[in-house]
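Subject: Structure handover and findings

Hello,

Here is the structure I promised to pass on. Please open it next to this message, and read the notes below with it on screen.

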Amino acid sequence: MPSTTTAPETDPSKTVVEEITGWLRLYSDGTVERLTPPGAEPFTVTVPPYTEPRNGVTVHDSIVGSLPQLLRASLTTKLDVAGIVSVFLPLAPEHRLPAAIDAGHAALLWLRDVACGEDENNNGAAHHLDPAVERLRDEADFARVFLIGDSSGGNLVHLVAAHAAAKDDGAGADLHPVRLAGGVLLNPGFAREDKSRSELENPPSLFLTEEMVDKLLALGVPLGMNKDSPYTSPSLAAEAVARLHMPPMLLMVAEKDLLHDPQVEYGEAMARVGKTVETVVSRGAVAHVFYLNFFAVESDPLTAERTRELIDTIKTFIDRY
């Protein structure tokens, strides 16, 4: 588990070696203090699982086999899919990439085992599926699995799909009967060392500042790398998958996102290497992951409308594939 603390540090022997204002402090002994900036508290609360339906949705947690990894399944959702499986990812900088990619692939292998009627407990021994997992097995179409993620999770959609494609070499044997039908990148965290025009001209938002772009990405990539790596550079990410069989991608971009330009560049670069990417821009004064600000969704007509459009676009993409 990550060596993380949420309380203010008072040990005088520790010094802060890196800080992202309001969000994170990295100390000289390697420990990390995760913070919550003023006004962001409602967006950082972890919702516990629940089995009594809320708006037709139930939430269940499950441990993945012998790995200390937690999956969360949400059953029956607004996207008209059988379920959404969320992966509790290892966090950087304690666990830099490719740790999160490996966790994403482990979740796909877990889905494969579920589809085959198998599951594992923490000792690696097969046992009967719990009711929530059994329901997922019975209702899900494992030949139509979609990856979806926002911000840096959008990068992971690309990276996990690439990892799966590289292991399968187009044959699909590693994940069978699971098939990746598509990926949805919501305001992904692509960026280069040379700042784009949108980074220089678009205003910061609650969920993304110039400091966060510079420092969070640097803390997430492997040591010795920077933003000009296949993990974050839009052109290098595309070049790395040129010979791989990638699923079609839906790329959602917000017009006032600091990372608008490198996101669009990613779509263009993927098209140049022959990949299918549909780029849709949410127009107007909407910034990075605007749809997560539920206060704005409830009070601002533009944010509400763009959020509805985003959900409809995702549904249409899923229905197409």
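Buried residues account for 44% of the chain's 321 residues. Please keep in mind that this is a predicted model. The chain holds nine helices and twelve strands. Of the contacts with a separation of 6 or more, 67% are between residues 24 or more positions apart.

**Helices H1 and H3**

Start with H3, residues 152-168. It has 17 residues and spans 24 Å from first C-alpha to last, close to the expected 24 Å. Of its 17 residues, 13 are buried, so H3 is largely enclosed by the rest of the structure.

H1 (residues 99-115) meets H3, with the two axes coming within 9 Å and crossing at roughly 65 degrees. The crossing is right-handed. On the H1 side, the contact is made by Ala100, Ile101, Asp102, Gly104, His105 and Leu108. H3 contributes Leu156, Leu159, Val160, His163, Ala164 and Lys167.

**Helix H9**

H9 covers residues 301-320. Its 20 residues reach 29 Å from the first C-alpha to the last, close to the 28 Å expected. The buried residues in H9 are Thr303, Ala304, Arg306, Thr307, Leu310, Thr313, Ile314, Phe317 and Ile318.

**Aromatic pairs**

The count comes to eight aromatic pairs. Phe43 and Phe294 form one that is tilted, at 4.9 Å centre to centre with 55 degrees between the planes. This pair links distant parts of the chain. Phe43 sits in the loop between strand E4 (32-34) and strand E5 (50-54), while Phe294 is in helix H8, 251 residues apart. Phe294 is partly exposed, at a relative accessible area of 33%.

Phe146 and Phe317 make an edge-to-face pair, 6.1 Å centre to centre and with 70 degrees between the planes. Phe146 belongs to strand E9 and Phe317 to helix H9, so the pair ties together parts 171 residues apart in sequence.

**Charges over rings**

Two places are worth a look. The charged end of Arg54 sits over the ring of Tyr50, 3.7 Å from its centre. Lys14 lies over the face of Tyr27, at 5.9 Å from the ring centre.

**Gln263**

Gln263 is in helix H7 (residues 260-272). Its relative accessibility is 0%, so Gln263 counts as buried. Which residues does Gln263 contact, leaving aside neighbours within four places in sequence? They are Asn187, Pro188, Leu251, Met252, Val253, Ala254, Asp257 and His288.

**Backbone points**

Where are the cis peptide bonds to look at? One joins Leu97 and Pro98, with omega about 15 degrees. Pro98 is in the loop between strand E8 (83-87) and H1. Another joins His176 and Pro177, with omega about 10 degrees. Pro177 is placed in the loop between H3 and E10.

Two residues other than glycine have positive phi to check. For Asn55, phi is near 55 degrees. Asn55 lies in the loop between E5 and strand E6 (57-63). Its relative accessible area is 82%, so Asn55 is exposed. For Ser151, phi is also near 55 degrees. Ser151 lies in the loop between E9 and H3. At a relative accessible area of 23%, Ser151 is partly exposed.

Best wishes

Definitions and conventions
Residues numbered from 1 in each chain as written. Predicted model: local features only at pLDDT ≥ 70, side-chain atom pairs only at ≥ 80, totals over all residues. Heavy atoms only, no water. Helix = DSSP H or I, 4+ residues; strand = E, 2+ residues; numbered from the N terminus. Buried < 20%, exposed > 50% of the residue type's maximum accessible area, 1.4 Å probe, protein only. Contact = heavy atoms within 4.5 Å. Expected span 1.5 Å × (residues − 1). Phe/Tyr/Trp six-rings, centres within 6.5 Å; stacked < 30°, edge-to-face > 60°. Lys NZ or Arg CZ within 6 Å of the ring centre and 35° of its normal. Axes fitted to C-alpha atoms, helices over the stretch in contact; angles between N-to-C directions. Left-handed = near helix turned anticlockwise from the far one by under 90°.
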